[in-house]
Amino acid sequence: MAKRWTNKLTRSDVTPEPIFMNRRKVLAGLGLGGGAAGLGGLALGGMPGAAMAQDDMALEPNAWDEITSYCNYYEFGTRKDDPSQNAHLLTTEPWSITIDGLVDKPGDYALGDIVSQMTIEERIYRFRCVEAWSMVVPWNGFELADLLDMVGVKPEAQYVAFETVYRPEEMPGTRYPVLDWPYVEGLRLDEARNPLTLMATGLYGKPMPNQNGAPIRLVVPWKYGFKSIKSIVRITLTDKQPPTSWNKAGPGEYGFYSNVNPEVDHPRWSQASERKIGGGLFAKKVPTLMFNGYEDEVAALYDGMDLKANF
Amino acid sequence: MTLVDRLNRLLRSVPPWALYLVLVLPAPWYLYQGATGGLGVEPIKALEHALGEFALQLAIAGLAVTPLRRLAGVNLLKFRRAIGIMTFTYVFLHLLVWLVLDVQILGQIWADIVKRPYITVGMAGFVLMLPLVATSNNWSVRRLGPRWRKLHRLTYPAVILGGVHYVMLVKGFQIEPLIYLAVILSLLALRLRSLPRLRPA
């Protein structure tokens, strides 16, 4: 059993709505005059310190509508609202995942059979897109490490490769060669085994909406969103670094690692700050955190590595 | 009377200010949509893109005036200034949204202009438009004489830069910006050789 990750962001951390609304009032008051600063400090004193450092709104999960209407899932179109409009075309039942390569028990696993052997839990994670926007998402899922243990990983395996379903008849976006379909991703085995790495089957306690990667997707919260591959049909254990879709499309722009890093800019835009979805027309930018705020949990994976070269 | 003649007669009865009025309307509409959720959950980028795309469409309309007259005999010449000035207006609004709502951070604005090629290209296009909008009036046409026509050839590189700016900013291989650029280049290519002109009947 993998070393389990202790979730620091739970439902009990989420500020109850009345207090939250009240806090907004205090913050709004702050804007009116500096004299209220002391009062604001008092009111905010009870909040968990670590998350406060980034942004006092960080603990608020995005609304269901935000998470399910603003998606990058190019198989259904490149506009943000294309997936929510087109993803209903995808058949997600029955669903099976082919697990092959350097494993003890390769085969086609029915999704139901996998899920019945896993512990589904809620994980409230920050989600940072490479396009410099972010959300907080309450995922439901199980640790990838548990699935890897179920099929047995051979000692020579070093990487995990993933593949998204490719059905042109159900995925109108694949009519265009935006990327080299099917979408593929990969992790180093130790990244895959990290307790943060989740196989998500739902959000907000409901089954995963199609546009968010139904029926099962990867969530790697310290990496840019495109690493968290959707609608997985194949998992292959290998001893070679697997190809990844965005890296193939733009090797100078998207690396294999793609860890969230405010100090390494995308060639076409800065990664130093991000905008949390949901702030409307006048949403302020907030600083992006190293490893998307999961430095304590994952920094050790990259000890001694040049993160600028291995972006 | 041919269809073209009828169309031209109809166009003669439309005053240019009517076009200004129609073309200005999308701006408050987009802003209202952005403020009330009509542009989705990330209205800043949506507004920025909507304004930029409309500016590009207007620029294409402006480039189409001459070929339409030469090849189809449709005369839109008196609307060309309105199209040009409104193109600039939407480019300016697009830039304003980028500066004020999107980037926000003053220090990063200049860094982006010099470091990010697609922004450099977009800014170059904007700068080329400044002398154009400044001389889009009867007084300048009279004063500059034949030099006015020369100066206004800056429209061509400005629109190309706008089209390239769009191609450069998208992720992956996307068709739409390439179509815009192809239309722009085709409209410019129509000017390259002295094409057969329609003789007045």
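Buried means under 20% relative accessible area, exposed over 50%, and partly exposed in between, with a 1.4 Å probe and protein chains only. By that rule A:Thr174 is buried, because its relative accessible area is 8%. The model is predicted: local features need pLDDT of at least 70, side-chain atom pairs count only at pLDDT 80 or more, and totals for chains, interfaces and linings use all residues. Residues are numbered from 1 along each chain as its sequence is written, chains are lettered from A and ligands numbered from 1 in the order in which they are written, and side-chain values use heavy atoms, with hydrogens and water left out.

**View 1. A:Thr174 and its contacts.** A:Thr174 sits in the loop between β5 (159–164) and β6 (184–188) of chain A. Helices (H or I, at least four residues) and strands (E, at least two) are DSSP runs, numbered from the N terminus. Which residues are in contact with A:Thr174, leaving aside its neighbours within four places in sequence? They are A:Glu75, A:Tyr166, A:Pro168 and A:Trp181. Contact means heavy atoms within 4.5 Å.

**View 2. Chain A as a whole.** Chain A has 10 helices and 12 strands. Of its 311 residues, 57% are buried. Take the contacts in chain A with a separation of 6 or more: residues 24 or more positions apart account for 72% of them.

**View 3. The recorded binding site of chain A.** An unreviewed UniProt entry places the feature "binding site" at A:Tyr74, A:Glu75, A:Cys129, A:Thr164, A:Asn212, A:Arg217, A:Ser228, A:Ile229 and A:Lys230. The lining of the largest cavity includes A:Tyr74, A:Glu75, A:Cys129, A:Thr164, A:Asn212, A:Arg217, A:Ser228, A:Ile229 and A:Lys230. A cavity is a set of points, on a 1 Å grid over the protein atoms alone, where a 1.4 Å probe fits but cannot get out; lining residues have an atom within 4 Å of a point. UniProt positions are given in the numbering used here, feature names are shortened, and annotations may be inferred rather than shown by experiment.

View 4. The UniProt "binding site" includes A:Cys129. A:Cys129 lies in the loop between β3 (121–128) and β4 (133–143) of chain A. Is A:Cys129 buried or exposed? A:Cys129 counts as buried, because its relative accessibility is 5%. Leaving aside neighbours within four places in sequence, A:Cys129 is in contact with A:Asn72, A:Tyr224 and A:Gly225.

View 5. A:Lys230 is in the loop between β9 (217–219) and β10 (232–238) of chain A. A:Lys230 has a relative accessible area of 15%, so A:Lys230 is buried. Beyond neighbours within four places in sequence, its contacts include A:Asn72, A:Tyr73, A:Thr164 and A:Arg217. A polar atom of the A:Lys230 side chain lies 2.5 Å from the backbone oxygen of A:Asn72. A:Ser231 is also in the loop between β9 and β10. The phi of A:Ser231 is near 40°, a positive value in a residue other than glycine. At 0% relative accessibility, A:Ser231 counts as buried.

**View 6. Backbone details in chain A.** The peptide bond from A:Glu93 to A:Pro94 is cis, with omega near 0°. A:Pro94 is in the loop between α5 (82–86) and β1 (96–101). The peptide bond from A:Ala214 to A:Pro215 is cis, with omega near -5°. A:Pro215 is in the loop between β8 (206–207) and β9. A:Tyr204 has a positive phi, near 55°, in a residue other than glycine. A:Tyr204 is in the loop between β7 (198–203) and β8. A:Tyr204 counts as partly exposed, because its relative accessibility is 27%.

**View 7. Helix α4 of chain B.** Helix α4 (residues 43–72) of chain B has 30 residues, so at 1.5 Å a residue it should span 44 Å; its end C-alpha atoms are 40 Å apart, which agrees. The expected span is 1.5 Å times one less than the number of residues. Where does α4(B) bend by about 35°? The bend is at B:Ala64, and a proline, B:Pro67, follows within four residues. A bend is the angle between axes fitted to the seven residues ending at a residue and the seven starting there. B:Glu42 caps the N-terminal end of α4(B), with a side-chain oxygen 3.0 Å from the backbone nitrogen of B:Ile44. After α4(B) comes B:Gly73, whose phi is positive, near 80°.

Notes
Polar contact = N/O pair within 3.5 Å; in protein donor to acceptor, adjacent residues only side chain to side chain. 1 Å grid on protein atoms, 1.4 Å probe; cavity = no way out; pocket = protein on both sides within 12 Å on 5 of 7 lines; lining within 4 Å.
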